[in-house]
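Hello,

Here is the structure for your files.

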Amino acid sequence: MKKLISILLVSLMVLTAFAVTGCSGAGADLKLGLGVYTTVSAADATEDKDGQGQATITAAAVLVDADGKIVRAFIDCADNKVGYTADGKAVAAQSFTTKYEAGKEYNMVAYGGAVKEWYEQADAFCALIVGKTAAEVKALVTDAGTGTDDVINAGCTIAISEFAYAVDRAITNATVTGASSADTLKLGISTAQTTTDATEDKAGTNKVETTFFAAAVGADGKVTAASSDCVEVSFGFDTAGKSTFDASKAIASKKEQGDTYGMKAYGGAAKEWYEQAAAFDTACVGKTAAEISGFADGNADLQAAGCTIAVTGFAKAAAKIG
């Protein structure tokens with residue numbers, strides 16, 4: 001009898017250990033990935049309506065295990081719209097809010113007849129893809145760009161092709177980190193705008209620069225892993241408000257551009273943008289969102305680590321994970 005009890009106790013201990021470590025993956029290093037997918041459009045100004053440039057940037061943050069399966073996922077979208085007048089003047093936006101940040105004020109339910117708001121549908125999609133690989137996520141998209149019955153039944157009825165593109169890139173970009181499945185996955189997004197009016201000699205510009213900060217955060221509020229990226233889109237127009245922007249060209253993020261971004265070749269920098277972003281990400285590990293926000297005021301350690309570029313956009317994005 002005692003022998004049987006001992007066997008049962010040992011078995012229980014093994015099962016408990018598996019539940020804590022093997023099943024949850026809490027003790028294992030996971031890969032953190034950030035992926036962005038951008039679509040753009042531009043319209044001329046008329047006498048009755050300002051011209052508009054639109055950059056819709058879908059971003060996905062993922063934690064992935066050793067088998068390439070998603071453990072955590074988070075999706076947001078920066079749908080940035082900028083304007084210019086029929087006499088070639090740039091229009092400054094009041095502010096930029098992501099679809100997730102808009103919450104219930106995005107008004108899919110009130111004005112679109114949807115059952116759930118955008119952020120709720122994004123959450124439903126993210127919950128559904130946990131445990132899936134990149135190939136399995138792609139298989140959830142129909143030829144029409146909407147989700148399969150599984151996606152719709154999960155509560156996500158909107159088009160998901162851009163979700164899938166961003167998730168695929170996030171998984172591809174994922175690297176081994178100190179993150180675990182016990183961490184919370186967060187994504188901060190910040191957009192800055194710069195404008196110039198058109199002249200007879202030079203097109204005007206209305207530029208939006210959107211910075212993304214994905215992070216795994218521990219129970220103590222400290223970052224265990226981080227990944228940053230930035231998408232810059234500059235919409236051009238002439239003195240008559242006609243668009244000079246080529247919307248047919250694909251938009252690559254700064255990280256995706258790699259060495260072709262040209263900070264070394266044309267800016268005399270010691271490191272390319274993606275290398276400096278990696279240095280920033282490394283410096284964020286072990287820090288809270290508030291501490292990372294302080295980097296915007298200057299940080300000697302950050303400079304010494306190889307991040308010499310302005311980090312205001314990074315810091316503002318990171319502040320949103322707090």
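Which element gives the most to the lining of the largest cavity? β6 does, with 3 residues.

First, the ground rules. This is a predicted model, where local features need pLDDT of at least 70 and side-chain atom pairs count only at pLDDT 80 or more, while totals for chains, interfaces and linings use all residues. Residues are numbered from 1 along each chain as its sequence is written, and side-chain values use heavy atoms, without hydrogens and water.

The cavity. The structure holds 1 cavity of 30 Å³ or more. (On a 1 Å grid over the protein atoms alone, a cavity is a set of points where a 1.4 Å probe fits but cannot get out; a pocket is an open set with protein on both sides within 12 Å along at least five of seven lines; lining residues have an atom within 4 Å of a point.) About 40 Å³ of space lies in the largest cavity. Its lining includes Phe96, Glu101, Ile189 and Lys320. β3 (70–84) and β6 (184–196) each give two or more residues to that lining. (Strands are DSSP runs of E, at least two residues; helices are runs of H or I, at least four.)

The pocket. The largest pocket has a volume of about 310 Å³. (A volume is the space filled by probe spheres set on the points, which are joined across faces, edges and corners.) The largest pocket has 16 lining residues, and Glu209, Thr211, Ala310, Thr312 and Gly313 lie nearest its centre. β6, β7 (204–217) and α13 (312–319) each give two or more residues to the lining of this pocket. α13 gives the most, with 4 residues.

Best wishes
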